[in-house]
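Here's a quick tour of a protein model, meant to be read with the structure open. Have a look at it first, then read on.

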Amino acid sequence: MDAAQQEATARARELQRNWYGEPLGALFRKLIDDLGLNQARLAGVLGLSAPMLSQLMSGQRAKIGNPAVVQRVQLLQDLAGQVADGSVSAAEATERMEEIKKSQGGSVLSNTTQTTSSSGAPTVKRVVREIQSLLRSVAAAGDIIDAADTLAPTHPELAEFLRVYGAGRTSDAVSHYQSHQS
């Protein structure tokens with residue numbers, strides 16, 4: 001790979017980190033490992049072609065263009081967490097992946113069973129991801145930061161919200177939310 005290609009790949013991965021909280025290669029590898037999938041199966045569940053998934057993972061492409069695919073990624077992340085904590089069996093996970101595969105995306109802020117904890121309340125991480133997805137579907141992280149800077153003098157709370165939830169990492173936004181609940 002020449003220097004220009006390396007630079008383009010590094011830029012794509014940085015954009016992915018801003019938009020999705022981490023490079024898609026790392027995110028998709030976690031899903032593959034956590035859910036016992038291969039790349040072809042993951043591509044099928046997400047509704048992507050195998051070459052498109054490969055391009056996203058390698059940084060040849062930066063953005064998932066279809067909001068329904070982004071929502072499926074989020075649903076799979078939630079499912080992987082449920083498998084990891086033992087609340088969903090491998091057999092149930094397989095069934096849910098089929099449901100996720102068939103989902104058309106719907107609204108960005110959905111309220112499906114995959115978005116709730118055992119108490120029935122939406123999980124903090126899920127809500128944060130939905131907010132991030134909504135914000136990032138209308139603007140890139142840099143644009144969100146620019147908007148936050150513009151709003152800061154007159155609306156500091158909104159500016160902070162945009163920086164944390166619109167341009168920040170999911171884990172930082174969850175921590176921010178939890179620290180403000182005390």
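This is a predicted model: local features need pLDDT of at least 70, side-chain atom pairs count only at pLDDT 80 or more; totals for chains, interfaces and linings use all residues.

Numbering starts from 1 along each chain as its sequence is written, and side-chain values use heavy atoms, with hydrogens and water left out.

The chain has 10 helices and zero strands (DSSP runs, H or I of at least four residues for helices and E of at least two for strands, numbered from the N terminus).

| Chain property | Value |
|---|---|
| Buried residues (under 20% relative accessible area, 1.4 Å probe, protein chains only) | 41% of the 182 residues |

Among contacts (heavy atoms within 4.5 Å) between residues at least 6 apart in sequence, 61% join residues at least 24 apart.

Now for the pair. Helix H2 (residues 24-35) packs with helix H5 (residues 67-84) at about 45°, their axes 10 Å apart. Axes here are lines fitted to C-alpha atoms over the stretch in contact, with angles from 0 to 180 degrees between N-to-C directions.

Who touches whom? On the H2 side, it's Leu-27, Phe-28, Leu-31, Asp-34 and Leu-35; on the H5 side, Val-73, Leu-76, Gln-77, Leu-79, Ala-80 and Val-83. By class, that contact of H2 with H5 has nine nonpolar, one polar and one charged residues.

Terms used
Ala, Val, Leu, Ile, Met, Phe, Trp, Tyr, Cys and Pro count as nonpolar, Asp, Glu, Lys and Arg as charged, and the others, Gly among them, as polar. Buried means under 20% relative accessible area, exposed over 50%, partly exposed in between (1.4 Å probe, protein chains only).
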